[in-house]
Amino acid sequence: METFIVGLIAATLRVATPLIFGTLGELLCERSGILNLGIEGTMFLGAFVGFTVASTSGSLWLGFLAAVLSGVLTGLLMALLTVNLGLNQHVSGLGITLLMTGLSLFSFRLVFGERSIQPSIEPFPKLAPLGNLPILGPIFEQYALTYIALALVPLFWWLMYRSNFGLQMRAAGENPEAADAAGVNVFRVRTLALALGGGLMAAGGAFLSEAQLGSFIFGIISGRGWVCIALIIFANWEPARVLWGALLFGGVFALQLRLQATGLKLPYEIFLALPYLVTILALTLAGRNVSAPSALLKAYRRE
Amino acid sequence: MLRLRVERRPAPLWMRPAAPIIAVVITFLLTAILVVLARANPFQAYYYFLLKPLSNQVSAIEVLVKSTPLLLTGASVTFAFAAGYWNIGAEGQLLAGAIAAAGLGMVLKDVPPGLALPLMILGGFTAGLLWALIPALLKVRLAVDEVVTTLLMNTVILFLISFLLNGVWRDPVSGWPQSPTIAASTMFPKLIPRSRLHLGFLIAWASIGAIWLILRRTPLGLRMRAVGQGREAARFAGVNVERTMLTAALVSGGIAGLAGVGEVAGIHFHLIEALSAGYGYTGIIVATLGGLNPLGVSLAALFIGLIETGAQNVSQTLNVPIYLGNVVEAALLLVTLSVLILQNYRVRRV
């Protein structure tokens, strides 16, 4: 029982890692006033670029940096469309997701061709800073990226509520006209938020291909980006609650994996669908008590 | 020193029909880079992409085959978006229709086609409608954002299909993860012998006609457009906003379900995991390119059908990865939207 619970907690943290990256990235975009439905494609691109650069250069961290850069560029493209041109955010975001998914698949075929064996890399090693701790040791046996993701949460709280950039970002998301009148460059703040956010989303994707799997498969993201969008609502746009949401989702997902491993004769697809259903249920319970940034979905235009 | 100023003013009339053409040219210039990276000649590639499919009857019919699900998902998305309901779930609703068609195709063995086919169509419409019901109810009753829930429902139904195909519906003959072949009486008749063009093509055009009629010629359509233009204003004018959105969402789901019926009853004859090549998402591209106008949507569906057929051609003849088609579609969407906005600006010397 102890090993079951310890294993469950360890797996929860692992599953939650890409969600923390993705949700924090989306949080930046939304708090500045842009709903970024490009997240699913940005994570996919990050997974592809991370894997491919790591595989061809032999350096995992170089792959990770390249992935983050690809996410930043994708964020800038989203900014061009929604901040500068003021296009519909739903359609632009989905367009970016379709574009980046297509580009990744196209490039994957170009680089690796059609092979019967899936190309793979030696993934990031797990760190065990407290590896010899009795019982609880395995909980801390995690990838460096998991520790980075966890450290990002308090950093984000500070960034959003204590830094000048955070104040400007929240102002741009709540009342861009007033922010502009107060001397905030709404366009620049939103662009910066989208660029940083895109980088974080891609980092989440790169975690999946470079740490968790060590390969790039076409179903690697399979809706995780949409889960991040849902987690934001669940978290009511607060960084600390993002962590709890990601851990809750990660926990349900990890439990599903563990129950499968115990050989319980249950159709595993029901367990796979469970986290998504739980998310919908959580959204329902959060219901009317959520408070989205007031200017979300509204393009800002200086007249 | 040269000083420039950006001015906003409505596009001149001649620009309006030119905008889509400009967008197509820009898109092909941008994606030509990928063709070059794939070591192919862009001119040759775009010949195979755009002209070759229309050069003979067989592949021209194939363009119509490919456009069939897109006409339906495009109509589905248009109907929801027109009422300001952001249904991103056409993909899931299409698959729900496909599940219903595969199920009915097994059950309706001894029913004559005259009855079986209407039942297939009705069943698929209902299944799509039901899959759209949960997000729609959550939206109008509890104000839960429909974008997120419809997206999540798309993922959930993939697991449901995998559950069916790896369990109760696994083909007992072949053992493949696909449902048993549907009964002959439930297969959509071919419109042209020895082609893949099936009854679904007519259903698609009927749906386009129906949404045009509803949106332009009925009180419901007027209410839907009012809600789409501004919810609060519509409410103030006495429109029951919730009821109108619910209707739009459910009919939208039903139309998407029809696309799934067509793919099962007209193309594959059983349910498979890879039934939809993202037709629900492409429907959003089709609806947006068509300007949420049924005529525009049908033209956009035919054009995207051409691109999908062309991508297959290019991949077979020039060994350019087939995903070029996906890139072209998405790029076309983003470029078109940008051109439509930018034509309202011009740069002037001051």
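This passage describes the predicted two-chain model shown above, from the overall build of each chain to the contacts between them.

The model is a prediction, in which local features need pLDDT of at least 70 and side-chain atom pairs count only at pLDDT 80 or more, while totals for chains, interfaces and linings use all residues. Residues are numbered from 1 along each chain as its sequence is written, and chains are lettered from A and ligands numbered from 1 in the order in which they are written. The predictor gives the complex an ipTM of 0.92 and a pTM of 0.93.

Taken along the principal axes, the C-alpha atoms of chain A fill a box of roughly 65 × 45 × 35 Å. A compact globule of 303 residues would have a radius of gyration near 19 Å, and chain A agrees with its 19 Å; this radius is taken over C-alpha atoms, and the globule rule is 2.2 Å times the number of residues to the power 0.38. Buried residues make up 51% of the 303 residues in chain A. Here a residue is buried if 20 or more other C-beta atoms lie within 10 Å of its own, exposed if 12 or fewer, and partly exposed in between, with C-beta atoms placed from the backbone. Among contacts in chain A between residues at least 6 apart in sequence, 78% join residues at least 24 apart; two residues are in contact if their C-beta atoms, placed from the backbone, lie within 7 Å.

A:Leu73 lies in helix H3 (residues 60-84) and counts as partly exposed because it has 17 C-beta neighbours inside 10 Å. The C-alpha atoms of A:Leu73 and A:Leu274, which are 201 residues apart along the chain, are separated by 34 Å. A:Trp237 sits in the loop between H10 and helix H11 (239-261) of chain A. Although A:Trp237 is not a glycine, its phi is positive, at about 60 degrees. With 20 C-beta neighbours inside 10 Å, A:Trp237 counts as buried.

Chain B has 13 helices and two strands. Its C-alpha trace spans about 80 × 60 × 35 Å along the principal axes. For 350 residues, the globule rule gives a radius of gyration near 20 Å, and the 22 Å of chain B agrees with this. Of these 350 residues, 53% count as buried. Among contacts in chain B between residues at least 6 apart in sequence, 78% join residues at least 24 apart.

H10(B) is mostly covered, with 22 of its 28 residues buried. After H10(B) comes B:Phe269, with a positive phi near 65 degrees. Another positive phi, of about 60 degrees, belongs to B:Arg194, which is not a glycine. B:Arg194 is placed in the loop between helix H6 (146-166) and helix H7 (199-217) of chain B, and it counts as exposed because it has 7 C-beta neighbours inside 10 Å.

Turning to the interface, 36 residues of chain A are in contact with 37 residues of chain B. On the side of chain A, the elements that give two or more residues are helix H4 (89-112), helix H10 (224-234) and helix H12 (268-286). The largest share, 14 residues, comes from H4(A). By class, this side of chain A has 23 nonpolar, 10 polar and three charged residues; Ala, Val, Leu, Ile, Met, Phe, Trp, Tyr, Cys and Pro count as nonpolar, Asp, Glu, Lys and Arg as charged, and the others, Gly among them, as polar.

The largest nonpolar core has 214 residues, and those with the most contacts inside it are A:Ile20, A:Ala47, A:Ala230, A:Leu231, B:Ala98, B:Ile99 and B:Val327. Helix H9 of chain A (residues 186-213) gives the largest share of this core, 15 residues. Such a core is a set of buried Ala, Val, Leu, Ile, Met, Phe, Trp, Tyr and Cys residues joined through C-beta atoms within 7 Å. Not counting residues up to four places away in sequence, B:Val327 touches A:Leu99, A:Gly102, A:Leu103, A:Phe106, B:Thr31 and B:Leu34.

Note on methods
Helices (H or I, at least four residues) and strands (E, at least two) are DSSP runs, numbered from the N terminus.
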